[in-house]
Amino acid sequence: GCGASCPVVQAVSGPDALEPDEAGTLKASLNQQSDQPGTHTWNFGDRSTGSGLLADPSYSSTGRYSNRFQASNEGGSDADTISVRVVEPPQPASVTSINATPNPVDEGETVRFSSNVQGDSPVSYSWNFGDGSSAMSQSPTHTYEEPGQYTARLRASNNVGEDTRTVTVRVNRVLPEV
């Protein structure tokens with residue numbers, strides 16, 4: 001070996017995961033080198049490079065990137081690698097549409113509610129039909145017993161957020177046959 005003058009990479013550290021375009025700090029630590037000057041270079045696994053003991057790479061695409069650090073001087077060189085996963089950011093629940101069919105409806109007739117909700121699973125659904133009744137399913141049915149106008153509200157939620165949207169249901173009185 002080259003003895004005390006060789007650089008030895010003791011550790012490289014950094015985040016396990018990043019989101020696209022989020023910078024993460026990578027850090028390399030070395031043995032107490034002799035006073036020989038040296039170079040410290042990074043290869044970030046996406047064709048980009050850096051230098052120094054600290055680096056702040058960011059990645060535009062999801063995937064796994066192998067970050068290689070190398071320390072070199074006249075006595076020799078040493079290297080170590082750290083892997084970073086780039087993952088999509090969490091998506092909060094978002095209600096993109098809500099429907100009631102049929103609408104308007106006659107009193108005593110069943111209404112089918114539906115929604116389009118986006119976001120990370122699992123998503124929970126909480127419906128309030130505006131007449132004191134509620135449901136927890138994705139596409140419930142409900143029957144209004146009294147004529148009038150009701151505001152049905154859907155609250156969709158997941159572990160990173162929630163969203164609410166309403167639909168107005170008009171319930172017509174059924175006239176008795178003459």
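Is asparagine 128 buried, partly exposed or exposed? Asparagine 128 has a relative accessible area of 40%, so this residue is partly exposed; buried means under 20% relative accessible area, exposed over 50%, and partly exposed in between, with a 1.4 Å probe and protein chains only. The model discussed here is predicted, and local features need pLDDT of at least 70, side-chain atom pairs count only at pLDDT 80 or more, and totals for chains, interfaces and linings use all residues. Residues are numbered from 1 along each chain as its sequence is written, and side-chain values use heavy atoms, with hydrogens and water left out.

Asparagine 128 belongs to strand E12. Strands (E, at least two residues) and helices (H or I, at least four residues) are DSSP runs, numbered from the N terminus. Leaving aside neighbours within four places in sequence, asparagine 128 is in contact (heavy atoms within 4.5 Å) with Ser133, Ser134, Thr151, Ala152 and Arg153. The side chain of asparagine 128 also reaches the backbone nitrogen of glycine 130 at 2.9 Å. This is a polar contact, a pair of N or O atoms within 3.5 Å; within protein, one must be able to donate a hydrogen and the other to accept it, and residues adjacent in sequence count only if both atoms are side-chain atoms. Between asparagine 128 and threonine 101 there are 27 residues in sequence and 16 Å in space, C-alpha to C-alpha.

Asparagine 31 sits in the loop between strand E3 (26-30) and strand E4 (38-43). With a relative accessible area of 17%, asparagine 31 is buried. Its side chain reaches the backbone oxygen of cysteine 6 at 3.1 Å, and a polar atom of that side chain lies 2.8 Å from the backbone nitrogen of valine 8. Apart from neighbours within four places in sequence, the contacts of asparagine 31 are Cys6, Pro7, Val8 and Gln10.

The discussion now turns to the pairing of strands. Strands of a sheet pair through backbone hydrogen bonds, either parallel or antiparallel. Two strands pair if DSSP finds at least two bridges between them. Tyrosine 65, for example, has valine 84 in E8 as its bridge partner.

Strands E15 and E16 also run antiparallel, with 11 bridges between them, and a hairpin joins E15 to E16 through two residues. Here alanine 156 has aspartate 163 in E16 as its bridge partner. By contrast, strand E10 (residues 105-106) runs parallel to E16, and two bridges join them; valine 105 has valine 171 in E16 as its partner. Serine 157 lies in strand E15 (residues 148-158) and counts as buried at 12% relative accessibility.

What is the size of the largest nonpolar core? A nonpolar core is a set of buried Ala, Val, Leu, Ile, Met, Phe, Trp, Tyr and Cys residues joined through side-chain atoms within 4.5 Å. The largest has 20 residues, and those with the most contacts inside it are Phe113, Val117, Trp127, Tyr144, Leu154 and Val169. Strand E9 (94-101), strand E11 (110-118), strand E12 (124-128), E15 and strand E16 (161-172) each supply at least two residues of this core, and E15 gives the largest share, four residues. A second, separate core of 16 residues includes Val12, Ala28, Trp42 and Ala55.

Aromatic rings complete the account. A pair of aromatic rings is described by the distance of the centres and the angle of the planes. Rings of Phe, Tyr and Trp (its six-membered ring) pair if their centres lie within 6.5 Å; planes under 30 degrees apart count as stacked, over 60 as edge-to-face and the rest as tilted. The whole structure has seven aromatic pairs. Tyrosine 59 and tyrosine 65 form a stacked pair, 4.0 Å centre to centre with 20 degrees between the planes. Tyrosine 59 is buried at 2% relative accessible area, and tyrosine 65 is buried at 12%. The rings of tryptophan 127 and phenylalanine 129 have centres 6.4 Å apart and planes at 15 degrees, so this pair is also stacked. Finally, ring pairs link Trp42, Phe44 and Phe69 into a cluster.
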